[in-house]
Amino acid sequence: MANRITEQEIILPALYLMSISPNGFISTSDLKIKLVEILKPSGEDAELSLTRPNEIKFMQIVGNLKSHDTFERNGFATYEKVGKVGGFRITPDGQKYLLENNETNRYLLTNDFNWEDVKSGLILFQKSKFDKRNLLAFDENIIVNEGLKKIRETSVYTRSSKLREFAIANFTIKDRISCKCCNFNFSDFYGENLGKGFIEIHHTKPIFTYEDEDLESTFKEALKNLIPVCSNCHRMIHRNWKKPIELQVLIESINANGEFRRK
């Protein structure tokens with residue numbers, strides 16, 4: 001049986017939810033619901049609680065954040081009551097901790113990875129802290145949504161761009177690269193001057209490296225978890241972050257319904 005998620009591993013996701021809530025406060029009940037939405041628990045974590053039939057076992061772990069004073073011990077958040085509603089409010093130390101680890105946190109929580117992959121990423125993150133090694137993420141969304149993100153996050157942008165270039169070079173066959181879901185080719189549609197070599201790279205699993213590891217070795221291993229897709233298919237995959245579309249489901253839908261009519 002797979003290991004269950006621990007309190008320590010949900011600290012960052014919980015702090016993230018506090019940080020985007022009004023005045024940095026989130027009720028315990030909302031925290032449970034939103035963490036379930038983001039992390040999409042499965043297996044034993046998704047089983048109904050024996051003591052609280054309206055909750056799954058994962059929600060008990062979230063509840064333990066209060067009973068075990070997990071945030072207070074670290075100085076990351078305080079437990080407060082706003083009216084009759086109890087919940088957590090992020091502290092300046094919690095904001096600082098979140099900012100220091102925002103790259104990894106955001107990458108895992110905003111790319112629609114499944115529960116086991118997010119859990120593995122959180123475990124890897126905790127291990128890197130224990131080993132005192134800097135864990136680096138590769139985020140294709142930074143490439144797709146350039147602008148201010150490029151300026152603000154130069155290191156992850158540069159690193160992710162290199163992975164993107166490596167992937168495109170490896171997926172290009174006879175000077176052509178097409179979407180693996182719908183077979184759309186940008187060069188065919190927009191002409192070579194505009195479309196040649198353009199594609200987006202979808203991460204089917206989180207991709208990390210340690211700061212002291214060889215990037216080329218990381219890139220070669222990462223190819224197993226990358227897929228070239230057109231912009232439309234990429235957005236469809238990420239359309240509902242609560243329930244991302246599986247690649248095979250999308251491909252089957254395209255095969256059954258996909259037809260482009262130019263008006």
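Author: Ser-161 has a relative accessible area of 14%, so it counts as buried (under 20%; exposed is over 50%, partly exposed lies in between; 1.4 Å probe, protein chains only). The model is predicted, so local features need pLDDT of at least 70 and side-chain atom pairs pLDDT 80 or more, while totals for chains, interfaces and linings use all residues. Residues are numbered from 1 along each chain as its sequence is written, and side-chain values use heavy atoms, without hydrogens or water.

Ser-161 belongs to helix 10, which spans residues 154–171 (helices are DSSP runs of H or I with at least four residues, strands runs of E with at least two, numbered from the N terminus). Its C-alpha atom lies 8.9 Å from that of Asp-139, a residue 22 positions away along the chain.

Leaving aside residues up to four places away in sequence, Thr-28 touches Tyr-79, Gly-86, Gly-87 and Phe-88 (contact means heavy atoms within 4.5 Å).

After helix 3 comes Asp-69, with a positive phi near 55°.

For the protein as a whole, 15 helices and seven strands are assigned, and 45% of the 263 residues are buried. Of the contacts with a separation of 6 or more, 64% join residues 24 or more positions apart. Along the principal axes, the C-alpha atoms fill a box of roughly 60 × 45 × 40 Å.

The largest pocket has a volume of about 510 Å³ (on a 1 Å grid, an open set of points for a 1.4 Å probe with protein on both sides within 12 Å along at least five of seven lines; lining residues have an atom within 4 Å of a point). Among its 20 lining residues, Cys-182, Phe-184, Cys-230, Asn-232 and Cys-233 are the closest to the centre. Helix 11 (186–190), helix 14 (231–237) and helix 15 (247–257) are the elements giving two or more residues to this lining, and helix 15 gives the most, with five.

Cys-233 is also a buried residue, because its relative accessibility is 6%. The number of disulfides in the model is zero (a disulfide is a pair of cysteine sulfur atoms within 2.5 Å). Cys-233 is accordingly in none, and its nearest cysteine sulfur, that of Cys-230, is 3.7 Å away. Cys-181 likewise takes part in no disulfide, the nearest cysteine sulfur being that of Cys-179 at 4.6 Å. Cys-181 is buried too, because its relative accessibility is 6%.

Notes:
Points joined across faces, edges and corners; volume = space filled by probe spheres on them.
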